[in-house]
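Good morning. I have one structure to go through today, and I will start with its overall layout. Please look at the screen.

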Amino acid sequence: LDDAGQPSVGSAFVVAADSQQSLLVTSYTTVESSTHTPAPAIYVRKGGQDVRAQLWTWDPPNDLALLIVNQPNLPKLNFAPQSPGLHIGDELYAISGLGSAGGSITQGSVADVSNNLIQDTVAVGAAGQGGPVLDNNGDVVGIASLSYHPLGFSSTGVFFTVPVSASCSHILRCPGGAIGGVGAQGGSGGG
């Protein structure tokens, strides 16, 4: 639910899974009302099925939250390697879990990049916040957000994407660049 008591929608993606459960990263804004007591239940829709999720941890300044679902071995997305990194002009794609075909994708490009932000032109709506932002290789470089304003102001027509490395710093354990805890983060990239 949002601040007005209406259902809140957003996207999430699997970052780790094992034989018992899967970890999903999403936007704090999407699950904010569940950080209070009493908290509304959180459901993740997968293939038309609603699955109850547990809010494990969250980080409001970076608009990040970690969910756990009791669904084993869900397919996970790989984090992009830290090198060579993003450059101005690189193409990016935001993935939303909502759309007539079960998902949607928007395309844009990198406008600026630093350690704590990716500024880009990838359009993101409320349903897309919390979803992955991918590079041309299909690897996650960031988390889509409408509420992440690392410079203290919002921008019009250009968005701030939370770098995927922030999830390692704030809501996951990523020793050596690999996600710890449940399962293992796929691929050889660092987070």
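The secondary structure of the protein chain comes to two helices and eleven strands. Helices (H or I, at least four residues) and strands (E, at least two) are DSSP runs, numbered from the N terminus. From that end, the order is β-β-α-β-β-β-β-β-β-β-β-β-α.

A word on the source: this is a predicted model, where local features need pLDDT of at least 70, side-chain atom pairs count only at pLDDT 80 or more, and totals for chains, interfaces and linings use all residues. Residues are numbered from 1 along each chain as its sequence is written, and side-chain values use heavy atoms, with hydrogens and water left out.

Of the 191 residues in the protein chain, 43% are buried, meaning under 20% relative accessible area with a 1.4 Å probe, protein chains only.

Next, the cores. A nonpolar core is a set of buried Ala, Val, Leu, Ile, Met, Phe, Trp, Tyr and Cys residues joined through side-chain atoms within 4.5 Å. The largest has 21 residues, and L64 is among those that touch the most other members. Suppliers of at least two residues each include β1 (12-17), β5 (64-69) and α2 (164-170). A second, separate core of 13 residues includes I42, V51, L67 and V69.

What is L64 in contact with, leaving aside neighbours within four places in sequence? Its partners include V25, W58, I143 and H170; contact means heavy atoms within 4.5 Å.

Last, a hairpin. Strands β3 (residues 42-46) and β4 (residues 49-59) pair in the antiparallel sense over five bridges; pairing requires that DSSP finds at least two. I42 has A53 in β4 as its bridge partner. Two residues lie between the strands, and G47 takes a positive phi near 60°.

Notes: Buried means under 20% relative accessible area, exposed over 50%, partly exposed in between (1.4 Å probe, protein chains only).
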